[in-house]
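Hi there,

Here is the structure I promised to pass on to you.

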Amino acid sequence: MKNIIKKICLFGLSALMLVSCEDMFTADNELVTTDLTPQDTLYQVMGIVKRMQKIATSTVLLGEARADLVDINKHTPSDIRELAENNVSETNAYNNPADYYAVINNCNIYLAYVDSLLKTHGEYYYEKEIMAVKTFRAWTYLELAKIYGQVPLITKPIESSDVAEELVKQTKVGLDVICDTLIKDLEGYAYMNLNDELLPSYNAKFHDQSYSNFFIPARVMLAELYLWRGSKTGSKSDFINAVRMYHDYFTFSNEERPTGINDVTFQNVKFTTIVSAYANNFSYDEQLTVIPMDTIGFYGNTTDLRSVFCSAYKNDYYAQLNPSKFIKELSQSQKHCYYRYLDGVADTLYAPTDTIKNPFGALAIGDLRLYSIYDVSVVKDIYHSNYSEQRQYIDKYEMVDGRDDIRLYFVPLFRVPVLYLHMAEALNHAGFPETAFVVLKYGISNKNLNKYVGEDELEGLSKILTYGLPSTATQTTFLYWGSDPDLFLTRDLNSATGSSSYDMIGIHSLGSGHSEYNAYYELPRTSAAWAEYDAVKDTIAVLTDSLVKIDAAMPDSETDPEAYSNWFNNEYAPVADALSAFESQLPALCAAAKASDNYEQFVADKILDEEALEGMFEGHRFYDLMRYAMYYNKPDFIAEQVAKRRGATETYAPANNLRGGNWYIPLRSR
C-alpha cells in the first residue's frame, strides 16, 4: 500500500520539554521513518489532540487569572498569584511555550508528509484531516501571539538539531504577521466554499468519555483570525471578512447554529421564582469545540481547573480563585426585565434591586448568569479542621456525578453565544453598530434586521457577500438569515398565547430577562441630528400616503392615453421623484445621527460587558480586553480595567504592571 506518511514524530516528543530557548525547537530523538496504512493518519491527528491536552489548563488560566473577573486569596498558589498580579516569571508553571510548539511541530510534520493528493471516488482522501490540522496549528499560533506578543513562526517540521539551531535564530513575528500567514493558509483552501463544516467525522475515547467535537471549524478559525488582525490593523475589510465567516458558519444549510434559549430568568411578576436552564450551556453537548481530557492521571493528561475554581478534596475545599467584586458589581448593575402579555394587556416590570425585596440575595440582583453558575455554601466539618467551611462551586467546572475526585473531562474552546458576541464586535467595528446591538438585544433574524436596523446599515449589509444560504456555494448577503421557517426565529411575547416557538435570543436575554422589551437597554437617541432624520421620515410617510392615493386615481393608459400622460407627468411623477429624493437622504442622515451619539463606542461597551457576563471564567477575558485596547490604541486600557478587580471603591494596585502595553509574559528562555 502506498505510503501515506513517510516520516512522523512519535507522540512522546520528549526533547520538546523546555530547558533552553533552543530546546524549545529541538527535534524529537525518536523521529523515525516508517510505512503506514491510511488509518494510521487517524492516530497522527489524535496525537495532536493529545498534545492539545498539555496546554488546556494554561490556555484558560492565562486568559482569566490575569484579567478583572477573578481575584486571588491566601490559598492561591504562587504560580497563579503571579498571573493574577501580572508579574509572571520565566519559571512559572504556566509559562510553557514548548508545549504549544509541540502541537505545532506535530501539525507541521503531518502536513509535510501526508499524501495530500490521494483520491478516492474523485475526492481527496485526507482533505478534512488536513484542514483540521491546519486549524489546530492556526489556533495554537494565535494563542502564542496573544500570550507572548512576538514568537518564532515555524511552518516546517523540526527534524534535526541543525534545523533547530537555525530556527532559534529566526526573527520573532507579531500578531499581524501570524494572522497574515495563517489566513492565507486557510483561505486558499478550495474546500472553503462548499456546504460542509470541513470536519473529520471522528469519535474518540479518552479513558471513560467519548468525544466528537474536538475539531475547530475552519470558518470559525478564519473569522477569529480576521477579528484579531482587524483589532491590530483597524482595517474595516478585516472586520467585514470576519463578519462574512461568522455568518457562513452560523447559517449554512443543515449546519445552522442559532444561539439557543437556555436562559435564567424570573418567572412571575412578583419575582419569587427563578427558572434556569442556563447551566445546560456548559454541558459537553452544548460545546462547539473542546479539548478532551483524561479524567484520571494514570491514563493520560488531566487538568486541575476544577480545583482552581471550585472547592474540592484535593485543595482542602479552598478554591484558588474567586469571582471578583467587579463581576459581581457588573452583574448587579444590569436591569432584569420581565415582560407579560395577558388578555391583550402588556406589562413590563423590572426585578427588585435590593435584597429586602429580592429573596434570592445580592447575586440575584440584575443579571442572573453569575447567580446561576456560582454557589457558595457553609459546611462545618468537626473532624477536619484543615478543611474550608466555605465551599465554592462554579458550574462551568462542575463535578462529575457529584464526585470531586474525578478530573474535568473537557476544557471548552468555543461556544456559540461567545462567537455571536465576537461577530457583534466585528459588525460594530465594520460600521454596523445597530446590527451588532440586534445581536445583544433581540437576536439576529431577517425580521429583526429589517425592523431595528437603519437604512444606512441595511444598504451596507446587502453588499457583504457570503457563501451561506440558500444553497451550496451560492453567494448571498449578510441580510439573509435562514430559509428554514423553523430556524433563526426570535421571541414574540405579543402573540396570542404569550409566547412563540423560537431558537434565537438576544445574548443579553440569557441572564437579564426579556431584553427586547427592556427600556433601560436601548441605543441612545439624544443627538439633535435625529430631529432632521425624523423630519425626513415624516415627509416620506406623507409622500408615500399621497402616492397611494394618486396611484388609485390612475387613468387607463390604453383607453385614455392623453389623460394617463397628464396624470403621470403632473400628478404621479412629481410626488414619486420627491419621495425618491427624500428616501435617498435617509442613509446619510441616519449615519450622521448615530455618529453624533457615538453608537460605535456605546455598543462596544455593551459588547464588552456582555462578554464578561457570558464568558466569565472560561479564559477569554484578558484577550477580550486586549482586542479593545488595540481597537482604540489605548495601551493602558487593560491596566485600567484590571484595576477595577476589587470593585468601585478599591483600586487593584498590581494592575499597574500592565501599563504602557506591557501585556505579554516573558518568553521563557530556560
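Below is what was found in it, from the whole chain down to single residues.

First, some background: this is a predicted model, in which local features need pLDDT of at least 70, side-chain atom pairs count only at pLDDT 80 or more, and totals for chains, interfaces and linings use all residues. Residues are numbered from 1 along each chain as its sequence is written, and side-chain values use heavy atoms, with hydrogens and water left out.

The protein chain has 22 helices and 18 strands; these are DSSP runs numbered from the N terminus, with helices being H or I of at least four residues and strands E of at least two. Of its 670 residues, 55% are buried, meaning under 20% relative accessible area with a 1.4 Å probe, protein chains only.

Now to the inside. Leaving out residues up to four places away in sequence, Tyr-420 touches several residues, including Phe-250, Trp-481 and Met-504.

Finally, find helix α11 (residues 325-332), where Phe-326, Ile-327, Leu-330 and Ser-331 are buried. These residues lie on the same side of α11, because they cover an arc of only 135° around the axis, taken from the directions from the helix axis to the C-beta atoms. The buried residues of α11 pack against elements including β11 (322-323) and α20 (599-615).

Happy exploring!

Notes:
Buried < 20%, exposed > 50% of the residue type's maximum accessible area, 1.4 Å probe, protein only. Contact = heavy atoms within 4.5 Å.
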